[in-house]
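Subject: Structure handover

Hello,

Here is the structure you asked about. Please open it next to this message, and my notes follow below.

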Amino acid sequence: GLSQQPTDEKDLITNYRFQRIASLKQLGIYVDEAHHAIGAELAKSQTGKEASSLRTTINELAKSLEDRKSRVVACYNYTGTPYIGNSIMPEVVYAYGLADAIKNKYLKEAEVIDYTNIKTEDFVRNVIKDFWEKEGETRREGMLPKLAFFASTIDELNEDLRPKVEKVLAELGIDVNKILINVGDTALTKNDDIREFNALDSPASNKQFILLVNKGREGWNCRSLFGVALYRKPKSTIFVLQATMRCLRSIGPNQETGHIYLSTENKEILELLQKIEKT
């Protein structure tokens, strides 16, 4: 921990940084993606486990400053997903919601299409046909529109989802080289694929169908992403919100539309979050 004696070079650097921060006259702390720190802390408190390491560090800083007759002026917690289950987290800034951001044209419009059964070839076919008819190869800011499929596991992606996507693309006469896979595992995701993934938001990219496992959620800023399909059952409210909202980044001079394809169960999660946001 930061209050213990450092044992190696990394600990020394961390300890030095902590001491420098703790020597400030006053300190304001801004926590981004606060659901990690605050949400984890609340979740752990319900199970009797210790608080998150970030919250512990903040508390240690506050104590160190107090010992030096200084103080933490305030700690501001920001997140776009202020939920623990179906409840709003306390002490987070979330007042400017997605609905306002869409209304004021900071984001794309959201079109949500739900399906009873998403684990079928028909789902994949309907999603790709709908996306291709609505977006095709129409470029914005010189970039091709992308559609991301989120799968549950690597095996599911390789053995189930990918063959279905390839079959549908062949039926529609679309080049299968437009597929890009990123599963976050360097043994399974080639370096070239990682470079392609990082370059998706550029006119040079020819990829349009992005197959993902445990990637492309929080912090993925791909403005040329125009569609998201969840090829999976509900996992958590935060996952559903983070994954589906990836396709709402604004692009070009006009307000575009992001297409969200998911199960009826997942749509109900989005509708529940919308109700919570309005209360």
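Does R162 count as buried, partly exposed or exposed? It counts as partly exposed, because its relative accessibility is 33%, which falls between the 20% and 50% cut-offs. Keep in mind throughout that this is a predicted model.

R162 and its helix

R162 has a salt-bridge partner in E166, with the closest N and O atoms 3.0 Å apart. Both residues sit in helix α6. They are four residues apart, about one turn of the helix. E166 is partly exposed as well, at 29% relative accessible area. Elsewhere, salt bridges with shared partners join E121, D122, R125, K167 and E171 into one network.

The second largest pocket

R162 also turns up in a pocket. The second largest pocket has a volume of about 290 Å³. Its lining consists of 15 residues, and R162, I179, L180, I181 and D193 are the closest to the centre. Three elements each supply at least two lining residues: α6 (154-172), β7 (179-182) and α7 (191-198). Helix α6 gives the largest share, four residues. By type, the lining splits into seven nonpolar, six charged and two polar residues.

Salt bridges across the chain

The whole structure holds 16 salt bridges. Two pairs are worth a look for their sequence separation.

E156 is buried, since its relative accessible area of 15% is under 20%. K119 counts as partly exposed, at 29%.

E256 lies in the loop between α8 (237-244) and β10 (257-263), and R140 in the loop between α5 and β6 (146-151), so the pair ties together parts that are 116 residues apart in sequence. Both ends are buried: E256 has 17% relative accessibility, and R140 has a relative accessible area of 13%.

Q208

Where is Q208 found? It is in the loop between α7 and β8 (209-212). Q208 is buried, with a relative accessible area of 0%. Its side chain makes a polar contact with the side chain of K178, at 2.8 Å. Not counting residues up to four places away in sequence, Q208 touches W132, G136, E137, L144, P145, K146, L147 and K178.

V112

Last, strand β5. V112 is found there. V112 is partly exposed, with a relative accessible area of 32%. Which residues is V112 in contact with, leaving aside its neighbours within four places in sequence? They are I260, L262 and K267. V112 and T244 are 132 residues apart in sequence, yet their C-alpha atoms are 9.3 Å apart in space.

Over to you.

Best wishes

Definitions and conventions:
Residues numbered from 1 in each chain as written. Predicted model: local features only at pLDDT ≥ 70, side-chain atom pairs only at ≥ 80, totals over all residues. Heavy atoms only, no water. 1 Å grid on protein atoms, 1.4 Å probe; cavity = no way out; pocket = protein on both sides within 12 Å on 5 of 7 lines; lining within 4 Å. Points joined across faces, edges and corners; volume = space filled by probe spheres on them. Nonpolar A, V, L, I, M, F, W, Y, C, P; charged D, E, K, R; others polar. Buried < 20%, exposed > 50% of the residue type's maximum accessible area, 1.4 Å probe, protein only. Polar contact = N/O pair within 3.5 Å; in protein donor to acceptor, adjacent residues only side chain to side chain. Contact = heavy atoms within 4.5 Å. Salt bridge = Lys/Arg side-chain N within 4 Å of Asp/Glu carboxyl O.
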